[in-house]
Amino acid sequence: MENIRGLIDKAVEERVKVYKDIALQIHDKPEVSNYEFFACKILSEQLKKEGFEVEVDVAGHRTGFDARYKSKKEGPTVVFYAEYDALPGIGHACGHNLFGATSSLAAIGLKAVIDEVGGEIRVYGTPGEEGGENGSAKGSFVREGFFEDVDVALGVHPKYEHSLTTTSLANDPVDVEFFGRASHAAAAPEKGINALDAIIQVYNASNALRQHLTDDVRIHGVITNGGTAANVVPEYASARFYLRAKSRPVLNDLYAKFENIVKGAAMQTGAEYKFGLFQNSVDNTVPTPLFDEVYEKNLNRYGEFISEDRNSKGIGSSDVGNISQVVPVIQPCIKISNEYIAGHSIEFREAARSELGLSSIELGAKVLANTALDIILNPALLERIKEQHRENVHNQNS
C-alpha cells in the first residue's frame with residue numbers, strides 16, 4: 001500500500017512546478033463565467049499531454065471540458081471537478097486559479113496507479129462557479145448526465161484554514177424586468193407607466209416577506225437599471241436577486257412567493273414584466289461525513305489538521321451542491337494563509353499567488369488522490385459512503 005501511495009506522491013512532486021506555473025498564469029489572466037478561454041485551454045491541453053482523452057465545449061459550456069483516463073481493469077469512476085473562473089473586477093479573490101490546478105494534478109497523481117488498481121479518472125472543467133453568464137456549470141453537467149455513471153466526486157477549495165465539507169444554501173439567481181411607458185414626469189405624468197415604481201414595490205414587498213421566513217432563507221438584490229433622467233417617467237427598470245434557502249423544496253416555495261410579488265407589482269403599476277433565472281439554479285450541498293473522514297485521514301498523513309469548528313454551516317451557495325444531490329461529493333477547504341482573510345477580498349486574491357497558496361496545490365493533489373485511492377481499494381467503504389449519501393439526501397429537509 002505504501003508503495004502505491006509513494007507512486008502517487010512521486011507523480012505529483014515531479015509535475016507540481018508545471019501546475020504552479022499554470023495557477024500563476026491563470027491568476028494573471030482572470031476570466032469570468034463563460035469567458036475562461038485561457039484557463040480552459042491551458043488546463044485541458046496539459047491533461048491531454050498527460051494521456052487523458054479530452055473534449056472541450058461540453059454540457060452547453062464553451063469553456064467547459066471533460067478529460068478521461070480509463071484503466072483496462074474494472075473499478076469505480078472518480079471525478080475531480082475543476083474550477084477556474086474569476087470574480088468580476090477583483091480577479092482570483094476566491095482562489096480558483098489554485099482549485100483548477102489542484103484538481104488536475106490530483107488526477108495525474110491517481111493516474112500513476114490507476115492501471116494497477118482499476119477504475120476510471122475524470123476531470124470535469126466546470127466554469128462559472130461564481131455565477132454570471134451561463135454560470136454554475138455543475139448544474140449543467142448534472143442535468144446533461146455527466147454524473148450518471150460516476151461513483152464519487154472530489155475537489156478542494158482554498159481558504160484561510162483547513163476545514164471539511166459544509167452545507168450550503170440552494171440559490172436561484174433571478175432577473176426582474178419591468179416595461180412601462182415613458183412620459184414627461186412634470187408635464188404629463190398621467191401618460192406614463194413607471195417601471196421603477198414596480199421595482200421598488202418588489203423591494204418593499206420582499207422586505208415584508210422576510211418577516212415570515214425562517215433564518216436559513218435569504219433574499220438580496222440590486223437595482224441594475226432605474227431609469228435615465230429624473231424628468232422622464234422610467235419606461236424600463238430591472239433588478240437582480242439571489243433567492244437562497246437551506247434546501248431545494250424550501251427554495252421552490254420561496255421562488256413561487258417571490259414571483260407572486262413580481263406579478264403583484266406589475267398589476268399595481270400597469271407595467272409588463274419579465275422574470276426568471278439568468279443562469280443555472282444552484283442546489284444546497286448535502287455532505288457525506290464518511291467521505292470527509294477519508295479526506296481528513298489523508299490530510300493528517302501529511303502533517304496537516306482540520307482547524308475549523310466541525311459544526312459550522314455554510315451560509316453561501318456553490319454549484320457543488322448540484323453534484324451532492326446525485327453522488328457523494330467532498331469539497332473541504334485547504335489553507336493558503338497563516339491568518340484569517342475574507343473570501344472575495346484583495347487579501348485573498350494575493351494569497352492565491354503566495355508561496356503558501358501555491359504550496360497548497362501539491363498538498364491538495366496528494367490528499368485528494370490518496371482519498372480517491374482509499375475508496376477504489378475498499379469497495380465496502382465505497383458502499384457505506386454511498387448508503388450514507390442516499391440517507392442524507394433523503395433526510396435533507398427534515
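**Exercise 1. Describe how helix H7 packs against helix H10 in this predicted model.**

Step 1. Helix H7 (residues 289-301) and helix H10 (residues 355-377) pack at an angle of about 130°, with axes 9 Å apart. Axes are lines fitted to C-alpha atoms, for helices over the stretch in contact, and angles run from 0 to 180 degrees between N-to-C directions. Helices (H or I, at least four residues) and strands (E, at least two) are DSSP runs numbered from the N terminus.

Step 2. That angle makes H7 oblique to H10; angles under 35 degrees count as roughly parallel, over 145 as roughly antiparallel, 65 to 115 as roughly perpendicular and the rest as oblique.

Step 3. List the residues in contact (heavy atoms within 4.5 Å). The H7 side includes Phe291, Val294 and Tyr295, and the H10 side includes Leu363, Val367 and Leu368. By class, this contact has 8 nonpolar, 3 polar and 3 charged residues (Ala, Val, Leu, Ile, Met, Phe, Trp, Tyr, Cys and Pro count as nonpolar, Asp, Glu, Lys and Arg as charged, the others, Gly among them, as polar).

Residues are numbered from 1 along each chain as its sequence is written. Local features need pLDDT of at least 70, side-chain atom pairs count only at pLDDT 80 or more, and totals for chains, interfaces and linings use all residues, while side-chain values use heavy atoms, leaving out hydrogens and water.
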